[in-house]
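Subject: Structure handover

Hi,

Here is the structure I said I would pass on. My notes follow below it.

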Amino acid sequence: MFPKWQENRGNYFKKNRYSMIMIKSIAKLILALSISTLPVVTPAQQKPVRIGIAGLSHDHIHGLLGRKEKGDIVIVGIAEPDSGLVERLAKRYGFDKKIVYSSIDEMLRSTKPEAVMAYNDIFGHLEVVEKCVPKGIHVMVEKPLAVSVAHADKMAKLAKKNNIQILTNYETTWYGSNTEAYKVVNEEEQIGEILKIEFHTGHQGPVEIGCSKEFLAWLTDPVLNGAGALNDFGCYGANLSTWLMKGETPVSVTAVTHTNKPQVYPNVDDEASIIVQYPYNQVIIQASWNWPYNRKEMKIYGQSGYVFCRDTENMTVFKSKEKKATDKAAPALNEDRNDAFSYFARVVRGDINPQPYDLSALPNNEVVVKILEMAKKSAENGKTIVWKEYFK
């Protein structure tokens, strides 16, 4: 027999078991409601990514310094030895000159950024990677990735060894029209297999459109930029076509370059036409500093239609079965993929994992550098360069 107190306890719980069940149910409901009403932490609400800047001489820096505050990144340090350039940009954008350092090493040591964005000359991209990546710091450079395959190979080895992202930023990555074109061609398969892609990229010329003296100093230098219009605007077509064709590498590259304005650009080409031949299709890239207007246009021809991207959003889609062309405005990109800085912050935080041949991804841009180098060799030698022979 149980002691009296235990019997009473047992009787109490027997009599009140339904009340206890009700109490537990209410408790569970309260807990569920509490969890459901907790604030959801989005990437933009996370602690801002601490960004360092390597160089200020690339005029695309205005896009970063003049960016509206979104709370996803914070600039903690700038490496730039040109005091005059620093003074001019600090006055324009209001950043504190106390965060500016004369070298990358000093900036990294003093500010300890999580990621670095490079706005220096293309030759200098390798140095940025060599100083940042072994320290576990992610890097995004402005297009193109590197001046040569040798530089790109060193970067790729460092990225793999240290498990760090090295991304490349192109203006055209954030065009809604290009993303919509990929959807039409590869996801919805509305125009059949790709037969030919044409790119018209460039503008009137960097001098003509008023680029800064600091930018021109290296953009028109064959070592610091790697070439002229060929590198500056040939990279767009190589990048987009590698993406559209899911990383396929070409059979050969043939190119012709010329300097139409030697009095303005005595050391580099200002005109480049590149034919990138694949097993079953062809890409033609016309990169120029001689267009009468700014152009970043893409035409994709398939077996049963075409897609023409005129600019960031305006495009035309023709499907032969419908026997008509339709003009449309591409939808806006998602917030996490509508500019380089939001994208980079989310990659650093692990919210986005770039796929190998995404537009910003390292494998894509290794292919881009190879195409550009083959194009330069072809233009120099007057011969078609075969991929398998060049990269034995």
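Start with Arg67 and Asp72. Their side chains meet in a salt bridge, at 3.0 Å from N to O. By salt bridge I mean a side-chain nitrogen of Lys or Arg within 4 Å of a carboxyl oxygen of Asp or Glu. Both partners are buried: Arg67 has 17% relative accessibility and Asp72 has 5%. Buried is under 20% relative accessible area, exposed is over 50%, and partly exposed is in between (1.4 Å probe, protein chains only). The pair belongs to a network of salt bridges that links Arg67, Lys70, Asp72 and Asp339.

Before the rest, the ground rules. This is a predicted model, in which local features need pLDDT of at least 70 and side-chain atom pairs count only at pLDDT 80 or more, while totals for chains, interfaces and linings use all residues. Residues are numbered from 1 along each chain as its sequence is written, and side-chain values use heavy atoms, with hydrogens and water left out.

The overall numbers:

- The protein chain has 13 helices and 15 strands. These are DSSP runs numbered from the N terminus (helices H or I, at least four residues; strands E, at least two).
- Of the 392 residues in the protein chain, 50% are buried.
- Take the contacts between residues at least 6 apart in sequence: 69% of them join residues at least 24 apart. Contact means heavy atoms within 4.5 Å.
- The salt bridge count is 15.

Helix α11

This helix covers residues 340-349, and nine of its ten residues are buried, so α11 is largely enclosed by the rest of the structure. The buried ones are Ala340, Phe341, Ser342, Tyr343, Phe344, Ala345, Arg346, Val347 and Val348. Their cover includes strands β1 (49-54), β2 (73-79), β4 (115-118), β5 (138-142) and β6 (166-169), along with helix α3 (61-65).

Look at both ends. At the start of α11, a side-chain oxygen of Asp339 comes within 2.8 Å of the backbone nitrogen of Phe341. Asp339 is also one of the residues in the salt bridge network. After the helix comes Gly350, with a positive phi near 85°.

Ser342 sits in α11 and has a relative accessible area of 1%. What does the side chain of Ser342 join in a polar contact? The partner is the side chain of Arg67, at 3.0 Å. A polar contact is a pair of N or O atoms within 3.5 Å; within protein, one must be able to donate a hydrogen and the other to accept it, and residues adjacent in sequence count only if both atoms are side-chain atoms. Leaving aside residues up to four places away in sequence, Ser342 touches Arg67, Lys70, Asp72, Glu335 and Asp336. Arg67, Lys70 and Asp72 are members of the network too.

Asp327 and Arg310 pair through their side chains at 4.0 Å, N to O. Asp327 lies in strand β14 (residues 324-329) and Arg310 in the loop between β12 (305-309) and β13 (314-319), so the bridge ties together parts 17 residues apart in sequence. Asp327 is exposed at 58% relative accessibility. Arg310 is partly exposed, at 35%.

Glu188 bridges to Lys183, with the closest N and O atoms 3.8 Å apart. Glu188 is partly exposed at 35%, and Lys183 is partly exposed at 34%.

Helix packing

Two packed helices are described by the angle between their axes and the distance between the axes. Axes here are lines fitted to C-alpha atoms, for helices over the stretch in contact, and angles run from 0 to 180 degrees between N-to-C directions.

First, α8 (residues 176-187) and α10 (residues 229-244). Their axes come within 11 Å and cross at roughly 35°. α8 contributes Asn178, Thr179, Tyr182 and Asn186 to the contact; α10 contributes Leu240, Trp243 and Leu244. That makes four nonpolar, three polar and no charged residues. Nonpolar is Ala, Val, Leu, Ile, Met, Phe, Trp, Tyr, Cys and Pro; charged is Asp, Glu, Lys and Arg; polar is the others, Gly among them.

Next, α5 (residues 104-111) and α6 (residues 125-132). Here the axes come within 10 Å and cross at roughly 35°. Ile104, Asp105 and Leu108 of α5 meet Glu127, Val128, Lys131 and Cys132 of α6. This contact has four nonpolar, no polar and three charged residues.

Best wishes
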